[in-house]
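Keep the viewer open as you read.

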Amino acid sequence: MIDIYDINDKIESNNIMLSFKGDISSELLTSVLQIMESKLDNMKEEPKIKKKVYNVLVECLQNLYHHMDEIATEQNDVIRSAFFMIGKIDNQYNIVTGNYIKKQNVEVFKKRLEEINLLSKEELREYYKAVLNNAEMSIKGGVGLGMVDIARKTGEKLDFKFSSVDNFFSLFTLNIKIAQ
Amino acid sequence: MKTISIEATPKTPTITFDSGKGFLEIKGRSIPENALEFYKPLVEWVEKYADKPQTSTNVNIQLEYFNTSSSKCILDVFKKLEAIKKGGSNVLINWYYEEDDEDMLEAGEDYQAIVNVPFKMVQVV
């Protein structure tokens, strides 16, 4: 049986503002962003922080949305789902996202993230401009700028992990911190 | 060409384009998952306008939020404006940002560095 008190305690102690696991649709993202915006307003968050959190949230949730397409529809619901969790502990916002990616794509993706992490603040800005000016957009509208933007806006290195799930898939998790 | 206006949605901005006055405004938030689809008509209108532009074109960009998917499309619009300027007309892009929003100011400066069109950074208090 589900222990509702236990769930409530876990939400309280980890200061979870919102968490979700399942299929990521455009409608879901619209709702989640509206909920988070009103939560940030209710918390009377500084406009500067509110904007940063909202912006980073848009990028990482839309990353989940775009990555959904890489997984074939015949895959089971677990592989086709993604999760995210937004919380605030000690004046620091934490956004955790997780999604499954094909093992054959892990190396290329990992290398890109590691390259982003080597760049300084100024280098990130130059890199962003270069990609913006040259990148051809993929059909669905992802430019590949999302991760660079997250690194730029948070001023932190991308904290990510790939965990093997089976012979075909790995779970990619990203842990984003936005300090005040 | 008539005046074109698109109303805002939770994820897309208000767009006003008055070709007779040489005025274009993009205002609100631009965070659609697929920005390409949303911006395609605007890019086409500006391209058509470029055939016979006014002697001066004023552009207001007043965005609260925009995602990376929109950033490329906004650049596409700016590239069309760059072509208009190259053809001999005046073009000015007014980039609005809120007082404490350094990220938005930086974004405007990034475009300014890429596109050969005069920018005016306008702080909104």
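A residue counts as buried under 20% relative accessible area and as exposed over 50%. With that in hand, and remembering that this is a predicted model, turn to helix α2 of chain A, residues 26–42.

Which residues of α2(A) are buried? They are Leu28(A), Leu29(A), Val32(A), Leu33(A), Met36(A), Glu37(A) and Leu40(A). These residues cover an arc of only 160° around the axis, and therefore sit on the same side of α2(A). The face turned away from that buried side carries Glu27(A) and Asn42(A), which are exposed. The cover over the buried residues includes β1, α3, β2 and β3 of chain A, along with β3 and β4 of chain B. Just after the helix, Lys44(A) adopts a positive phi of about 50°.

Now follow that cover into chain B. Here six strands make an open sheet with mixed pairing, in the order β1-β2-β3-β4-β5-β6. Strands β1 (3–6) and β6 (119–124) of chain B are at the edges with a single partner strand each, so one side of each has no neighbour in the sheet. From one strand to the next, the twist averages 10°.

Within this sheet, β2(B) (residues 14–18) and β3(B) (residues 23–30) run antiparallel and are joined by five bridges. One bridge partner to look up is Glu25(B) in β3(B), paired with Thr16(B). Helix α2 of chain B (residues 68–86) packs on the sheet, touching β3, β4, β5 and β6 of chain B. Its direction makes about 170° with that of β4(B).

Technical notes. Residues are numbered from 1 along each chain as its sequence is written. Chains are lettered from A and ligands numbered from 1 in the order in which they are written. This is a predicted model: local features need pLDDT of at least 70, side-chain atom pairs count only at pLDDT 80 or more; totals for chains, interfaces and linings use all residues. Side-chain values use heavy atoms; hydrogens and water are left out. Two strands pair if DSSP finds at least two bridges between them. Helices (H or I, at least four residues) and strands (E, at least two) are DSSP runs, numbered from the N terminus. Axes are lines fitted to C-alpha atoms, for helices over the stretch in contact, and angles run from 0 to 180 degrees between N-to-C directions. Contact means heavy atoms within 4.5 Å. The expected span of a helix is 1.5 Å times one less than its number of residues. Buried means under 20% relative accessible area, exposed over 50%, partly exposed in between (1.4 Å probe, protein chains only). The arc is that of the directions from the helix axis to the C-beta atoms.
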